[in-house]
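Open your viewer, get ready to select residues, and follow along stop by stop.

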Amino acid sequence: MPAETPDLGEFDLIERFFLRRQSARGAQSGVILGIGDDAAVLAVPPDAELVAAVDTIVAGRHFPEGTDARSIGHRALAVNLSDMASMGATPAWATLALTMPSVDAAWLERFSAGLMDLAEAHGVALVGGDTTRGPLTVSVQVLGHAPRGAALRRSGARAEIYWR
């Protein structure tokens, strides 16, 4: 992240890189109050249970320094979408905690494209988060829902042996 853009504050970052117009699906996504406030207010569908997953990826640990920012944004959300799928849950909302050494508009443009394009493809609304300065670290939490009592669990997994 070489070029610093010091004049961008947190709300400028949100508006420039992470706010997108809500699609028709987004208008029905259960977001009562979303990104830009102190916390999100969300409506879980009736007869559903909330399913939550969070993962953190760190530069130098989970991806090499210098990795394309678009790839980092995509991966940060993808690992959580995988967790939702394994639980049989429908992903609906995400929060993002982004720690970066400096504000680099070109890097943020690519990062947000990777994250937001994947979010739109899966009907996930970014509803909040936080930004701070420090070593490049990305934490994404995905919230979704499953029909009451229907979430898949590891305890229900079993090994199957197929013989030919």
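On a 1 Å grid over the protein atoms alone, a cavity is a set of points where a 1.4 Å probe fits but cannot get out, and its lining residues have an atom within 4 Å of a point. Before you start selecting, note that this is a predicted model, in which local features need pLDDT of at least 70, side-chain atom pairs count only at pLDDT 80 or more, and totals for chains, interfaces and linings use all residues. Residues are numbered from 1 along each chain as its sequence is written, and side-chain values use heavy atoms, with hydrogens and water left out.

**Stop 1: the cavity**

Select Leu77, Ala94, Leu115, Met116, Ala119, Leu126 and Val140, which line the largest cavity.

**Stop 2: Leu118**

Now move to Leu118, in helix H4. Is Leu118 buried or exposed? Leu118 is buried, because its relative accessible area is 11%, and buried means under 20% (1.4 Å probe, protein chains only). Show His74, Leu77, Ala78 and Leu81 too: leaving aside neighbours within four places in sequence, Leu118 is in contact with them (contact means heavy atoms within 4.5 Å). Leu77 and Leu118 are 41 residues apart in sequence, and their C-alpha atoms are 7.4 Å apart in space.

**Stop 3: the core**

Next, select Phe18, Leu96, Leu98, Trp107, Phe111, Val138 and Val140, the residues with the most contacts inside the largest nonpolar core, which has 35 residues. Such a core is a set of buried Ala, Val, Leu, Ile, Met, Phe, Trp, Tyr and Cys residues joined through side-chain atoms within 4.5 Å. H4 gives this core its largest share, 8 residues. Zoom in on Phe111, which touches residues including Phe18, Leu96, Leu98 and Val138.

**Stop 4: Asn80**

Finish at Asn80, in helix H3 (residues 69–86). Asn80 counts as buried because its relative accessibility is 0%. The side chain of Asn80 reaches the backbone nitrogen of Asp55 at 3.4 Å.

Conventions
Helix = DSSP H or I, 4+ residues; strand = E, 2+ residues; numbered from the N terminus. Buried < 20%, exposed > 50% of the residue type's maximum accessible area, 1.4 Å probe, protein only. Polar contact = N/O pair within 3.5 Å; in protein donor to acceptor, adjacent residues only side chain to side chain. 1 Å grid on protein atoms, 1.4 Å probe; cavity = no way out; pocket = protein on both sides within 12 Å on 5 of 7 lines; lining within 4 Å.
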